[in-house]
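Me: I should like to learn how to read the features of a protein model. Could you guide me through them in turn?

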Amino acid sequence: MDRPMMEYAFFEGRIVRFVDAKVSIGTNSLQYGTGAFAGIRGYLDADGETVNIFRLPDHAERLLQSSRLLRAELPFDRDSLAATISSLVEANAPTGDVYIRPFIYKPGIDLTPRLRGLGDELAIYMLAMGDYLSLDRGQRAIVASWCRIPDNAIPSRGKLTGAYVNSALAKDEADEKGADEAIMLNTAGKVAEGSGCNLFIVRGGTLITPPVSSDILEGITRRSLLQVAIDAGIPTEQREIDRTELYVADEAFFCGTGAQLAWIESVDGRAVGPGQIGPVTKHLRTVFFDTVRGRSARYRAWVTPIRRRVPAPA
Ligand code: PMP
């Protein structure tokens with residue numbers, strides 16, 4: 001599905017028109033997947049003038065961590081990267097919800113698949129975006145036949161472009177089987193995550209998610225929801241999850257920047273719990289959307305408000 005790109009992008013150190021932000025076909029990162037990216041959402045506030053960026057400094061920090069995995073050397077720290085992202089949001093002056101895609105890549109055209117000596121660039125583009133997974137019904141999930149990449153093959157905790165071949169294989173499998181999303185097991189056979197989102201289950205009132213050592217992406221939404229659950233007095237566990245626990249769980253949901261919080265109705269054709277959204281999921285979903293829309297006083301620090309520039313009178 002094509003989504004509308006916003007007019008301006010950040011490219012080679014400045015803001016340019018999106019259509020002018022172009023790289024060579026020989027770019028190392030295009031040939032070998034040696035890039036890293038972030039996916040960040042901005043939600044239009046009820047005032048219609050402010051875009052609330054969810055956990056901007058955390059996304060900037062994770063992009064820098066992913067960059068370190070690729071041995072990238074960039075003239076940014078967390079705050080200057082977050083400020084650069086904010087300046088692009090201001091330039092695009094969105095009138096609705098947006099998705100922001102900052103990424104780093106190696107512009108060198110050297111034919112060798114290597115990480116050093118190719119240069120490193122930051123680019124950012126933005127698009128208007130609503131829901132990625134449907135929120136008005138439950139997700140039908142399958143367990144994919146593709147395993148999640150092990151960390152000692154391609155670092156799974158980083159958001160590395162080449163690693164998304166793994167996600168794409170699993171997502172296609174879900175599509176072809178008529179499901180909404182794929183759940184990937186790691187090479188040890190334990191539950192890892194969705195093709196583009198983390199996963200939680202609820203058993204006996206305890207909220208459970210795989211640990212960061214289960215070859216998952218260290219999701220920022222995952223971390224946020226764990227905090228919300230702890231604050232609400234919901235018992236939480238980060239531990240390995242067996243495949244068949246998905247079949248006997250009381251509740252299950254996906255979460256992530258794109259996925260937001262999407263409850264799972266069935267896994268491999270088996271209903272999760274009664275096949276309805278459960279109470280723990282419902283609570284977390286309410287707090288999540290209140291937070292990202294800027295309606296939560298408690299988690300206000302998690303959003304960076306950016307006011308749209310009001311055009312000067314003619
Ligand atoms: N896992 C994968 C593979 C993802 O692509 C994403 C989306 N970034 C997530 C998990 C969720 O991470 P986050 O909450 O930081 O968006």
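Predicted model: local features only at pLDDT ≥ 70, side-chain atom pairs only at ≥ 80, totals over all residues.

Me: Which residues lie nearest the centre of the largest pocket, and which element gives the largest share of its lining?

Reply: Tyr 99, Arg 101, Tyr 132, Tyr 164 and Gly 196 lie nearest the centre. The largest share of the lining comes from α4, with 6 residues. Several elements each supply at least two residues, among them the helices α2 (56-69), α4 (164-176) and α5. The strands β6 (98-105), β7 (121-128), β10 (191-194) and β14 (251-256) likewise each supply at least two.

Me: What is the volume of the second largest pocket, and what classes of residue make up its lining?

Reply: The volume of the second largest pocket is about 520 Å³. Its lining has 13 nonpolar, 5 polar and 2 charged residues. Of the 20 lining residues, Val 23, Phe 103, Tyr 105, Ala 123 and Tyr 125 lie nearest the centre. β1 (8-11), α1 (28-32), β6 and β7 each contribute at least two residues to this lining. The strands β6 and β7 are also among the elements that supply at least two residues to the lining of the largest pocket.

Me: How many cavities of 30 Å³ or more does a search of the whole structure find?

Reply: The search finds 4 such cavities. The largest cavity has a volume of about 40 Å³. It is lined by Phe 54, Ser 224, Leu 225, Val 228, Phe 288, Thr 291 and Trp 302. By class, these divide into 5 nonpolar, 2 polar and no charged residues. Helix α5 gives the largest share, 3 residues, and both α5 and α7 (279-292) supply at least two.

Me: How far does helix α5 reach from its first C-alpha to its last, and which of its residues are buried?

Reply: One may compare the reach of a helix with the span expected from its number of residues. Helix α5 (residues 220-231) has 12 residues and reaches 17 Å, close to the 16 Å expected at 1.5 Å a residue. Its buried residues are Ile 220, Thr 221, Arg 222, Ser 224, Leu 225, Leu 226, Val 228 and Ala 229. Of these, Ser 224, Leu 225 and Val 228 also line the largest cavity. After α5 comes Gly 233, with a positive phi near 75 degrees.

Me: What span should the 14 residues of α2 have?

Reply: At 1.5 Å a residue, α2 should span 20 Å, and its end C-alpha atoms are 20 Å apart, so the two values agree. Buried in α2 are Leu 56, His 59, Ala 60, Arg 62, Leu 63, Leu 64, Ser 66 and Ser 67. Arg 71 follows the helix and has a positive phi, near 55 degrees.

Me: Is Ser 86 buried or exposed, and what is it in contact with?

Reply: Ser 86 lies in helix α3 (residues 78-92). Its relative accessible area is 14%, and because the limit for a buried residue is under 20%, Ser 86 counts as buried. Leaving aside neighbours within four places in sequence, Ser 86 is in contact with Leu 56 and Ile 306.

Me: Where is Asn 198 placed, and which residues does it touch?

Reply: Asn 198 is in strand β11 (residues 198-203) and is buried, with a relative accessible area of 5%. Not counting residues up to four places away in sequence, Asn 198 touches several residues, including Glu 193, Leu 217, Arg 222 and Cys 255. The C-alpha atoms of Asn 198 and Leu 217 are separated by 7.5 Å, although the two are 19 residues apart along the chain.

Me: How many disulfides does the count come to?

Reply: A disulfide is a covalent bond between the sulfur atoms of two cysteines. Here the count comes to 0 disulfides. The sulfur of Cys 255 is 7.5 Å from the closest cysteine sulfur, in Cys 197, which is too far for a bond. For Cys 147 the closest cysteine sulfur is also in Cys 197, at 17 Å, again too far for a bond. Cys 255 is buried, with a relative accessible area of 0%, whereas Cys 147 is partly exposed at 40%.

How values were computed. Residues numbered from 1 in each chain as written. Heavy atoms only, no water. Helix = DSSP H or I, 4+ residues; strand = E, 2+ residues; numbered from the N terminus. Buried < 20%, exposed > 50% of the residue type's maximum accessible area, 1.4 Å probe, protein only. Contact = heavy atoms within 4.5 Å. Expected span 1.5 Å × (residues − 1). 1 Å grid on protein atoms, 1.4 Å probe; cavity = no way out; pocket = protein on both sides within 12 Å on 5 of 7 lines; lining within 4 Å. Points joined across faces, edges and corners; volume = space filled by probe spheres on them. Nonpolar A, V, L, I, M, F, W, Y, C, P; charged D, E, K, R; others polar. Disulfide = S-S within 2.5 Å.
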